[in-house]
Amino acid sequence: MTIAQSLPLVESHVNPEIIFPEGEFWSDEPPLESNLHLQQIILLIQCLEWWWREREDYFAAGNLTIYYSPNQKKSEFCRGPDFFVVLGTNPNPNRRSWVVWQEDGKYPNLIVEILSDSTAKVDREEKKQIYQDIFRTPDYFWFDPESLEFEGFTLISGQYQPIAPNAQGWLWSQQLGLYLGLSANKLRYFTPEGELVPTPAEAAQQAENQVEQERQKSAKLAAKLRELGINPDENL
């Protein structure tokens with residue numbers, strides 16, 4: 001599946017005449033466990049934004065509440081994935097939360113949870129069940145920045161099945177069209193060709209290096225021409 005999930009907002013036994021709550025829905029997530037968690041989430045967002053810099057059909061966020069019950073604003077019917085991506089929507093950065101019934105019933109296409117001692121059991125069990133049975137999120141990954149535990153699942157016939165790693169230990173995301181894998185103990189994206197998706201800063205440095213390499217190449221060529229008695233400046 002390569003489009004955002006448009007599913008029933010709640011289970012079928014809920015009264016269809018229920019009135020949806022109005023107003024703004026602010027994110028209500030607890031502080032992140034550590035700077036490692038924060039930096040990992042920022043890394044996932046920045047790299048994807050750079051890779052999809054010409055796209056306007058997705059929303060990616062970190063540590064943002066997803067409200068998926070029309071019954072009440074604050075309830076058990078909300079979850080805050082550490083990182084998620086919704087396809088087939090607009091990239092509006094001013095969203096204060098993701099409210100499913102205000103977003104055409106769309107749920108995340110991909111979720112990544114960053115494990116910690118206090119959240120790992122919930123991420124591996126309760127949240128996995130919710131993402132499978134209610135969200136129907138096609139790709140679910142978790143990563144522990146301390147132990148480097150990394151696993152991924154894809155939804156097949158309504159059930160999460162483990163994603164088999166490739167030779168490098170990377171896991172394929174059909175939703176992103178990218179691999180996820182470890183580089184320098186961080187969870188990163190890799191292209192189908194095996195190239196690391198850079199951060200904006202890394203991309204700028206690569207471009208600068210390429211310019212410098214071209215300058216050095218031109219300087220060597222000019223020096224060689226001068227050795228042959230040719231003034232390169234006269235042939236411009």
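Which backbone nitrogen lies 3.2 Å from a polar atom of the side chain of D139? It belongs to Q175, and the close-ups below start from there. This is a predicted model, in which local features need pLDDT of at least 70, side-chain atom pairs count only at pLDDT 80 or more, and totals for chains, interfaces and linings use all residues. Numbering runs from 1 along each chain as its sequence is written, and side-chain values use heavy atoms, with hydrogens and water left out.

**View 1. The whole chain, for orientation.** Four helices and 14 strands make up the count here; both are DSSP runs numbered from the N terminus (helices H or I, at least four residues; strands E, at least two). Of the 236 residues in the chain, 42% are buried, meaning under 20% relative accessible area with a 1.4 Å probe, protein chains only. Take the contacts (heavy atoms within 4.5 Å) between residues at least 6 apart in sequence: 60% of them join residues at least 24 apart.

View 2. D139 sits in strand 9 (residues 139–143). R55 is its nearest side chain of opposite charge, and that is 12 Å away. Charges here are Lys and Arg positive, Asp and Glu negative, with His and the chain ends not counted; a salt bridge needs a side-chain nitrogen of Lys or Arg within 4 Å of a carboxyl oxygen of Asp or Glu. What D139 does have is a polar contact of 3.3 Å with the side chain of T154. That term covers a pair of N or O atoms within 3.5 Å; within protein, one must be able to donate a hydrogen and the other to accept it, and residues adjacent in sequence count only if both atoms are side-chain atoms. Beyond four places in sequence, the residues touching D139 include N109, L110, I111 and F153.

View 3. Three strands line up antiparallel in the order 12-13-14, where pairing takes at least two DSSP bridges between two strands. Strand 12 (171–173) and strand 14 (186–190) are the edges, each pairing on one side only. Five bridges join strand 13 (residues 178–183) to strand 14, and Y179 stands opposite F190 in strand 14. Helix 1 (residues 35–51) packs on the sheet, touching strand 13 and strand 14, and its direction makes about 10° with that of strand 14. Axes are lines fitted to C-alpha atoms, for helices over the stretch in contact, with angles from 0 to 180 degrees between N-to-C directions.

**View 4. V86 in strand 5.** V86 lies in strand 5 (residues 83–87) and counts as buried because its relative accessibility is 0%. V86 and T137 are 51 residues apart in sequence, yet 9.5 Å apart in space, C-alpha to C-alpha.

Key: Buried means under 20% relative accessible area, exposed over 50%, partly exposed in between (1.4 Å probe, protein chains only).
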